[in-house]
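Here is a walk through one protein chain. Keep the structure open while you read.

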Amino acid sequence: MASATVDSMPEALRQSRYHTKRCFSGFIGMGKRLMKTQNILDEVEKCIEDKLERTKVLDSSLGQILSSTQEAAVVPPNVAFAVRKNPGCWEYVKVNADDLAVEAITATQFLKFKEMINDDNWANDQNALEVDFGAFEFSSPTLTLPSSIGNGVKLVSKFITTKFSSGNLESAKPLLDYLLALNHRGENLMINETLNTVSKLQTALIVAEVFVSGLPKDTLHHKFEHKLKEWGFEKGWGDNAERVRETMRMVSEILQAPDPTQMESLFTRLPLIFNVVIFSVHGYFGQSDVLGLPDTGGQVVYILDQVKALEEELLVRIKQQGLSVKPQILVVTRSIPDAQGTKCNQEMEPILNTTHSHILRVPFRTDKGILPQWVSRFDIYPYLERFTQDATAKILEVMECKPDLILGNYTDGNIVASLMASKLGVTLGTIAHALEKTKYGDSDFNWKELEPKYHFSCQFTADMIAMNAADFIITSTYQEIAGSKSRVGQYESHAAFTMPGLARVVAGINVFDPKFNLAAPGAEQVVYFPFTEKNKRFTQFHPSIEELLYSKEDNDEHMGFLADRKKPIIFSMARLDTVKNITGLTEWYGKSKRLRNLVNLVVVAGFFDPSKSKDREEIAEINKMHSLIDKYQLQGHIRWIAAQNDRHRNGELYRCIADTKGAFVQPALYEAFGLTVIEAMNCGLPTFATIQGGPAEIIVDGVSGFHIDPKDGDQSGKKIADFFDKCKLDAGYWDRISQDGLKRIYECYTWKIYANKVLNMGSIYGFWRQLNKEKKQAKQRYIDMLYNLQFKKLVRNLNPTQLSLNRMRLDASEKPLISVIPLSNMMIFVGEKCSNPNDESLEPELSFPTVSDDASRPCRWWFCLCLSSFIVLYLLIRKFYGLFA
């Protein structure tokens, strides 16, 4: 196979043959192993002791290849390299360490090399399951430019245009058929059977356009609709003469000489979407009192804001189409009878600040009835198929029709959405939010070790099914799809991977697939708005914010004090974990006397009492914060505030920081998107944010904010200090950065922009799936086979009893909390491992599905007997010591 790396590598190896031989001897010296980029570079450093020689090798073409290697599978005498020189572009090469012979290999061969490291039998099994979705990529032109990634709507518009550009009028017949099929509750839209050929449509459009052009622009549609109907035109072209004429001109020009931009614009106008279903299954989905409960965090806020924006955009479009249709949006989630004081046991709940949107809750059912308690997102899979069936029936009952668009969220919501969309033949969009595969290093390769806790066999299979079933995929950033030069993207990590003993995925997803689209969320602008809009400010919070920032007394909500309140404030708000790097920011501040003299530091993060946290990582970060405050003597310079959940007060807190002419700092080691960055910029607060992840795309460095490298704290601290020094010299500099940040938000990061993009996707991909109907059906049969023969088998292995027992196993290094639960007819104490409830990426709290299987009874009674014996023994010892006290 052709490979640029293979072509260049022999010469690269020859350039420094002596050092190369030493390095490759080092690679294979420890036997079979998997090496990452840093392992490879460390080995080079160890083998080439001379710094000048080492630099020469690393700067050579060989060094560039080694630096571009994401991983290398070492199976002596061979080393197989997975080389990624650009996002989405992979090459696989095998080098023999003895003679330095180079050979290009396929992704399949590379994965087999990996498998040989810990499972020779699987690697050599001729009947091992291989999953190859690459066989279905013939439906669109092959794309290879990294710049094309995420531009799905524009690319699909071009592909559709190409199909209509043959010069043959009948090539546009698919569009005619699509328009003829449009209806709402049995009422035709756009055209009727009178216009059943392309030529008839083209002629009628010319006549109708001449007629409409003669009317005053603001003439309402109903005043001339009877005339249009005589020519075969139905409602949907527009609400007045001007809009009807524009839409007709658009269709005429597409039939005559199609253009991608016009094609995209046309689908924004067509009456295609009225009823939307959004799935978000796990956790406690509600509008109040749910944030902080297990598996319940930012996704809930995202979806509620999304729904409001979608409804507003639907109402605008429906009015412009000249229709009187009422849209419907249903957010479908799980009903939890044991609702923990929330409304999560209420079947239907209107969504606040909307007119036509509701939360619909459907319970998890088993053969024994409705499941009453919360279930971890990692343990949810046995309930999803039946939930899909029940939810589909309920949705059809409530809507009284099929939805026009289905959107899934996270793994569980996406697999449910894909099952329903397949059953009903509806356009499907999916949103991952955070793919678990990239959160845990080598979680695919080491899946067996992680399976009892996380059930990644089910999750990764479900993710792969949903990705491939989706008509389009919504992502917040380019990096979410294809990463950066040095970091593999979340979706890209599913391109080729292996789970030894389970499946070898040689082509899971192609990041160049035109189904990928960027649609970044915004911040709710009734909450997060510029500090200069004084008449809108939430002044009722000012007394509590004054106390929060400046009170000299420590309490449960804040500690530390600001000795000089005249100084501007640099502010950060995040979870207190390693990745969010709040302790890193504190250390940058502590080490920089210059920065301390210029500004105060305020952080909102976690707890400051480690005994209040149940998460080991957070406890470590709490202790580190205290040690940094002591080490750098930050008393009088830092205010540490406990985590805040009131969005409205948080919005006003950003604005109060802006009043001090301060700045927001987001120092994360990696941030998938960066919603706090959007919130801060919305409030007019100049922002410094990590270059690792989504914020690098949000901010234009030096214009609308500033990039900082979390791995270079000294330089980051200097960059922040330079900004405040410049503000002292140039009185208008702070305002210019603030205004340019707002300009960037209004151009790219609002919910209105998001809703417009998502509805455009739903419209154009609905037609695209129709154009590729047969190929789509062929792929769906492959997906159905994978679902029925692999996924369902994996789910059957997740016995609810076993799930319960697995979740009850304690990590010996953690102190258990004591809770009381019923088991059989006894009340017994069970140690329960808890985690940070605000972090969906962490291991969730435990769930206890009802244990009633006959097979489990011996284990249960043995457990009860042992525990009873322990209690009796404890009482005897206590009594014995009591006698001699």
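Begin with a pair of helices. H15 passes H16 in a right-handed crossing. H15 covers residues 384-399 and H16 covers residues 410-424; their axes come within 10 Å and cross at roughly 55 degrees. H15 is therefore oblique to H16. By class, nine nonpolar, two polar and two charged residues make up this contact. H15 contributes Leu384, Phe387, Thr388, Thr392, Ile395 and Leu396. From H16 come Asp412, Ile415, Val416, Leu419, Met420, Lys423 and Leu424.

The model is predicted, and confidence should be kept in view. Mean pLDDT for the protein chain is 89, with 89% of its residues at 70 or more. Residues 808-861 have pLDDT below 50, yet this stretch has 130 contacts in the model beyond near neighbours in sequence.

Now turn to the sheet. Seven strands form an open sheet with mixed pairing, in the order S21-S24-S23-S22-S25-S26-S27. Which strands stand at the edges? They are S21 (558-559) and S27 (706-708). Each has a single partner strand, so one side of each is left without a neighbour in the sheet. The pairing of S21 with S24 (residues 638-641) is antiparallel and spans two bridges. There, His558 stands opposite Ile641 of S24.

H25 (residues 675-682) touches S22 (569-573), S25 (663-666) and S26 (687-690). Its direction makes about 170 degrees with that of S25. H27 (residues 713-729) lies across S22, S25, S26 and S27. Relative to S27, H27 runs at about 155 degrees.

Key:
Residues are numbered from 1 along each chain as its sequence is written. This is a predicted model: local features need pLDDT of at least 70, side-chain atom pairs count only at pLDDT 80 or more; totals for chains, interfaces and linings use all residues. Side-chain values use heavy atoms; hydrogens and water are left out. pLDDT is the predictor's confidence in each residue, from 0 to 100. Contact means heavy atoms within 4.5 Å. Axes are lines fitted to C-alpha atoms, for helices over the stretch in contact, and angles run from 0 to 180 degrees between N-to-C directions. Helices (H or I, at least four residues) and strands (E, at least two) are DSSP runs, numbered from the N terminus. Angles under 35 degrees count as roughly parallel, over 145 as roughly antiparallel, 65 to 115 as roughly perpendicular and the rest as oblique. A crossing is left-handed if the near helix is turned anticlockwise from the far one by less than a right angle, and right-handed if clockwise. Ala, Val, Leu, Ile, Met, Phe, Trp, Tyr, Cys and Pro count as nonpolar, Asp, Glu, Lys and Arg as charged, and the others, Gly among them, as polar. Two strands pair if DSSP finds at least two bridges between them.
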